[in-house]
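Colleague: I would like a close look at a single part of this model, with the rest of the chain brought in where it bears on that part.

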Amino acid sequence: MNMTPHFWNRLLMAAAALTAFTTFAQAHQHAAASVSGASPLADKVRAANSRFLDVKAATAEGYAPIPCASGITGGAMGIHYVNGRYLKDDKIDIARPEAVMYEPMADGALKLVAVEYITSKGPASLDGQLFNFNSAPNRYGLGEFYELHVWAWKGNPTGTFADMNPKVSCEHAMAPSQ
């Protein structure tokens, strides 16, 4: 069988194109997974805490709001509903996050976007995911602590466990006097 150089060049070009497309598709899949919050821990958090889709469930369990937290360079965390009892006990329980985070919407509704686990004991981890360390003094007026945000209900392009989410805004948060 006589294979011409032209055939080999076409075969080589096809292989190169296939490799490039495969690499692009894999990168796109990885990016989509990180934005969608696809992670085993995020799935577990969602299953354990979906009762908080309605903010009334959070208040019924003793969570109280603190003002909406925005990032210096953009994005936000939203309004944290914090459970003081859980904050003080230093226990990490997937179904009892220390804070439940809501994004204020234009119609006044609050949309569940994430939860936050907080402890002063560390280094801390949940299901193998390490917490971030916050030294003192800090903007919260707390001593040193470890925290883990889990963006289980709203994709975060900077990562499922990042502090700020560029897709979240405090634009529609009501002023404290309202």
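In what sense do β7 and β8 pair, and over how many bridges?

Modeller: This is a predicted model, in which local features need pLDDT of at least 70 and side-chain atom pairs count only at pLDDT 80 or more, while totals for chains, interfaces and linings use all residues. Residues are numbered from 1 along each chain as its sequence is written, and side-chain values use heavy atoms, with hydrogens and water left out.

The pairing of β7 and β8 is antiparallel and has three bridges (strands pair if DSSP finds at least two bridges between them). One of the residues involved is N134, whose bridge partner in β8 is F145. Strand names follow DSSP runs numbered from the N terminus (E, at least two residues; helices are H or I, at least four).

These two strands belong to an open, antiparallel sheet of six strands, in the order β1-β2-β3-β4-β8-β7. Its edges are β1 (63-70) and β7, each of which pairs on one side only. On average, neighbouring strands in the sheet are turned by 35° against each other, direction ignored. Helix α2 (residues 40-49) packs on the sheet and touches β4 (110-119) and β8 (contact means heavy atoms within 4.5 Å). The direction of α2 makes about 110° with that of β4 (axes are lines fitted to C-alpha atoms, for helices over the stretch in contact, and angles run from 0 to 180 degrees between N-to-C directions).

Aromatic rings come next. The structure holds four aromatic pairs (ring centres within 6.5 Å; planes under 30 degrees apart are stacked, over 60 edge-to-face, the rest tilted; for Trp the six-membered ring is used). The centres of the Y81 and Y102 rings are 5.3 Å apart and the planes stand at 80°, so this pair is edge-to-face. Y81 is in β2 (residues 76-83) and Y102 in β3 (residues 99-104), so the pair ties together parts 21 residues apart in sequence. Both Y81 and Y102 are buried (under 20% relative accessible area; exposed is over 50%, partly exposed in between, with a 1.4 Å probe and protein chains only).

F133 is in β7 (residues 132-134) and Y146 in β8 (residues 145-150), 13 residues apart, and their pair links distant parts of the chain. F133 is partly exposed, at a relative accessible area of 43%, whereas Y146, at 16%, is buried.

The peptide bond from A136 to P137 is cis, and omega is near 0°. Another cis peptide bond joins G122 and P123, with omega about 0°; P123 sits in the loop between β4 and β5 (125-126).

The torsion about the S-S bond of C68 and C170 is about -80°, so the disulfide is left-handed. C68 is in β1 and C170 in the segment after β8, 102 residues apart, and the pair links distant parts of the chain. C170 is buried, at 16% relative accessibility.

Note on methods:
Disulfide = S-S within 2.5 Å.
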